[in-house]
Amino acid sequence: MRLILIAALIAVLSGCALLRPRDELPGQPVDGPQAPAWQARVAQLSPIDRFVLKGRVASGALGFKADLRWKQHPDGRFELRLAGPFGARAAELAGDAIEVRVRTGDDQPIVTTDPEAWLQQALGVRLPVRGLRWWALGLPAPDARSEVRLDPQTGRALRIVQNGWELNYVEYRPASADGAGPQLPRRIEARNGDTQVLVLADQWTQLPVGVSTPAAVP
């Protein structure tokens, strides 16, 4: 199954660079000079309990490339879809923090309590499913210990280490085409052991009232 899936998920991204070395993203601890800016950012973004994120994901070492659509519901449920060109051999996950229903193609759905391990087995790539609702916003999940390094200029997260994942935030974009609203992550480079994954956020929609939504990013 893994070979079929990887063969189906052909070039969705073009010219993806290798992930940056760890020492290229220095930062300040959350108790440094940018602490007030970080605290204000956490207060601004934490209430965002629903959104639709459309983007792309790639793992260069495995030749894995796919479109990504993540829908977050206010009650904590989420829906994740990964697919190659024209929807080839799509993988779909839906659930919450306790139980996830997963399905590929026409296969019968299964239920798992470890969606990351399931993706590793089925697709050959591990994705940060458990914390993505928070990490996609550039925040650590509040229910686990974390290490956060901040941009000394803006107070935004440069790096979050949590639950075995290291996430480097290389680029942010405004939450709207006119520059209004909060800056949200555009490019996230994630590592977990030998696994390296690049996530590109192309479009944010269906954000709560009061948070502007962006146009698609080319």
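Reply: The model is predicted. The backbone of Gln206 has a phi near 55°, which is a positive value in a residue other than glycine.

Asn163 sits in the loop between β9 (157-162) and β10 (165-174). With a relative accessibility of 48%, Asn163 is partly exposed.

Gln34 belongs to the loop that runs between β1 (28-29) and α2 (35-45). Its relative accessible area is 15%, under the 20% cut-off, and Gln34 is therefore buried. A polar atom of the Gln34 side chain lies 3.4 Å from the backbone oxygen of Gln153. Beyond its neighbours within four places in sequence, Gln34 is in contact with Gln28, and also with Leu150, Asp151, Pro152, Gln153, Thr154 and Gly155. Ala91 is the other buried position, at 1% relative accessibility. Ala91 is in strand β5, residues 91-95. Its C-alpha atom is separated by 8.1 Å from that of Leu80, eleven residues apart from Ala91 along the chain.

The largest pocket has a volume of about 320 Å³. It is lined by 19 residues, and those closest to its centre are Ala97, Arg130, Gly131, Arg133 and Trp134. Among the elements, β3 (64-72) and α4 (132-135) each supply at least two residues of the lining. The element that gives the most is α4, with three residues. Sorted by class, the lining consists of nine nonpolar, five polar and five charged residues.

For the chain as a whole, there are four helices and twelve strands. The chain has 218 residues, of which 48% are buried. Of the contacts with a separation of 6 or more, 50% are between residues 24 or more positions apart.

Confidence should be kept in view when any of this is used. The average pLDDT of the protein chain is 78, and 73% of the residues score at least 70. Over residues 1-18 the pLDDT is below 50, although this stretch has 44 contacts in the model beyond near neighbours in sequence. Residues 213-218 also stay under 50 in pLDDT, and for them the model has 22 contacts beyond four places in sequence. Where pLDDT is low, the predicted coordinates should not be read in detail.

Notes
Residues numbered from 1 in each chain as written. Predicted model: local features only at pLDDT ≥ 70, side-chain atom pairs only at ≥ 80, totals over all residues. Heavy atoms only, no water. pLDDT = per-residue confidence, 0-100. Contact = heavy atoms within 4.5 Å. Buried < 20%, exposed > 50% of the residue type's maximum accessible area, 1.4 Å probe, protein only. Polar contact = N/O pair within 3.5 Å; in protein donor to acceptor, adjacent residues only side chain to side chain. 1 Å grid on protein atoms, 1.4 Å probe; cavity = no way out; pocket = protein on both sides within 12 Å on 5 of 7 lines; lining within 4 Å. Points joined across faces, edges and corners; volume = space filled by probe spheres on them. Nonpolar A, V, L, I, M, F, W, Y, C, P; charged D, E, K, R; others polar.
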